[in-house]
Amino acid sequence: MRVDMLSKGQVVASEERVVSPVANPNLAIQCQVTGSSCEFNISHEQLPASARYFWTFGDVNNTKDTRYNANSFNFDYRQHGQYEAVLELFIDELNTQFKATTVVNISTSTPDFNFDYRVDASNSQRLIFTPDLAGVEVTDIRWNIEQRWVRQSDLSGTWTHTFSEPGVHTVYMAITDSHGSIHTTSKSINVKANTQQPKATVNQAQVMMKYGSYSMCYHSQLHQLAKGDSELNSYWNFPIACVSEITVDGSSSDGSTVLSEYWVDLNRDNQFQTNEKNITSTFNLSEGAVNVCVVAYTEAQGPSVVPCDPTQGRDSMQFKIVQ
Ligand SMILES: [Ca+2]
């Protein structure tokens with residue numbers, strides 16, 4: 001055989017190489033599947049020179065590998081599917097190559113997993129889901145509920161969802177196993193309308209006050225009031241006071257976040273007006289005590305329409321700020 005070296009179409013060098021014909025070594029590969037892994041075994045007759053084995057596994061990542069021996073080895077396809085594995089055997093010294101292919105069938109069986117659920121006693125639209133993983137090691141759990149996927153953060157715990165609408169809902173749980181395979185199961189659940197009014201409760205209030213003199217509030221002081229406390233005794237003897245912020249420690253029967261709002265009876269008419277809501281204006285304690293009303297509510301209930309309204313499941317606490 002003659003090998004020509006070309007430059008710009010012209011032969012610039014030429015050499016004769018001897019290519020020995022190599023008998024077909026009957027190259028074959030076999031795959032023994034266990035789970036998502038394949039143990040590859042190579043067979044061929046004795047080769048006249050050292051060989052290079054170039055593998056293309058045909059997996060989703062199109063993995064390639066070069067090996068220099070015919071030993072068995074494992075390759076993990078990680079997910080079910082049908083793949084074509086290709087082995088190209090190069091005998092570089094003799095400028096020759098052979099090829100063998102095999103079809104790999106990975107059919108990871110679907111694990112026998114499931115989920116249970118129970119209805120929250122205080123809200124029939126709130127369901128608590130418990131995955132039953134049947135011993136499967138999982139790296140991810142996701143739920144599809146009311147048209148969106150939500151990841152469960154605690155893989156060994158429960159997952160809770162409050163349905164925005166009653167009715168029949170299909171709930172899907174998707175798990176990702178340690179091989180990266182995703183398995184899905186679903187249940188059709190009839191969610192009954194929640195007729196129970198959620199209830200917010202104030203347990204205590206943190207009142208951040210500011211005190212001062214000459215209509216200026218500058219000294220911050222935090223007061224902790226329990227639900228039954230009727231008076232907030234002002235700090236030291238400052239005549240001027242402002243309510244800076246009031247937050248509540250509260251709870252709600254449906255587990256939702258408790259929000260709050262407050263009124264300060266600035267004009268001392270023993271009524272709370274709309275314009276007295278959440279205000280930080282100064283008042284003079286030497287002119288008398290000032291009434292405060294705090295209302296706790298859930299997002300579903302919303303803030304009071306009328307000032308200091310503890311109805312519709314909201315809760316309130318009232319106290320006087322005294323010097
Ligand atoms: Ca008032």
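The legends below describe close-up views of a predicted model. Residues are numbered from 1 along each chain as its sequence is written. In this predicted model, local features need pLDDT of at least 70 and side-chain atom pairs count only at pLDDT 80 or more, whereas totals for chains, interfaces and linings use all residues.

**View 1. An open sheet is formed by 3 strands in the order S10-S11-S14.** Strands are DSSP runs of E with at least two residues, numbered from the N terminus, and two strands pair if DSSP finds at least two bridges between them. The pairing in this sheet is antiparallel. Strand S10 (114-120) and strand S14 (159-162) each have a single partner strand and stand at the edges, so one side of each is left without a neighbour in the sheet. From one strand to the next, the twist averages 25 degrees, where axes are lines fitted to C-alpha atoms and angles run from 0 to 180 degrees between N-to-C directions. S10 is joined to strand S11 (residues 123-132) over 7 bridges; Phe 115 has Pro 131 in S11 as its bridge partner.

**View 2. Thr 160 lies in strand S14.** Thr 160 counts as partly exposed because it has 13 C-beta neighbours inside 10 Å. By definition, a residue is buried with 20 or more other C-beta atoms within 10 Å of its own, exposed with 12 or fewer, and partly exposed in between, with C-beta atoms placed from the backbone. Leaving aside neighbours within four places in sequence, Thr 160 is in contact with Arg 126 and Ile 128; contact requires C-beta atoms, placed from the backbone, within 7 Å.

**View 3. S12 and S13 form a hairpin with 2 residues between them.** Strand S12 (residues 138-145) pairs with strand S13 (residues 148-151) in the antiparallel sense over 4 bridges. Arg 142 stands opposite Arg 151 in S13. In the turn, Glu 146 has a positive phi of about 45 degrees.

**View 4. The largest nonpolar core has 32 residues.** Such a core is a set of buried Ala, Val, Leu, Ile, Met, Phe, Trp, Tyr and Cys residues joined through C-beta atoms within 7 Å. Those with the most contacts inside this core include Ala 205, Val 292 and Val 294. Among the strands that each supply at least two residues of this core are S17 (200-212) and S20 (240-252), while S23 gives the most, with 7 residues. Beyond its neighbours within four places in sequence, Ala 205 is in contact with residues including Leu 225, Val 294 and Met 317. Another core, of 13 residues, lies apart from it and includes Leu 27 and Phe 40.

Conventions: Contact = placed C-beta atoms within 7 Å.
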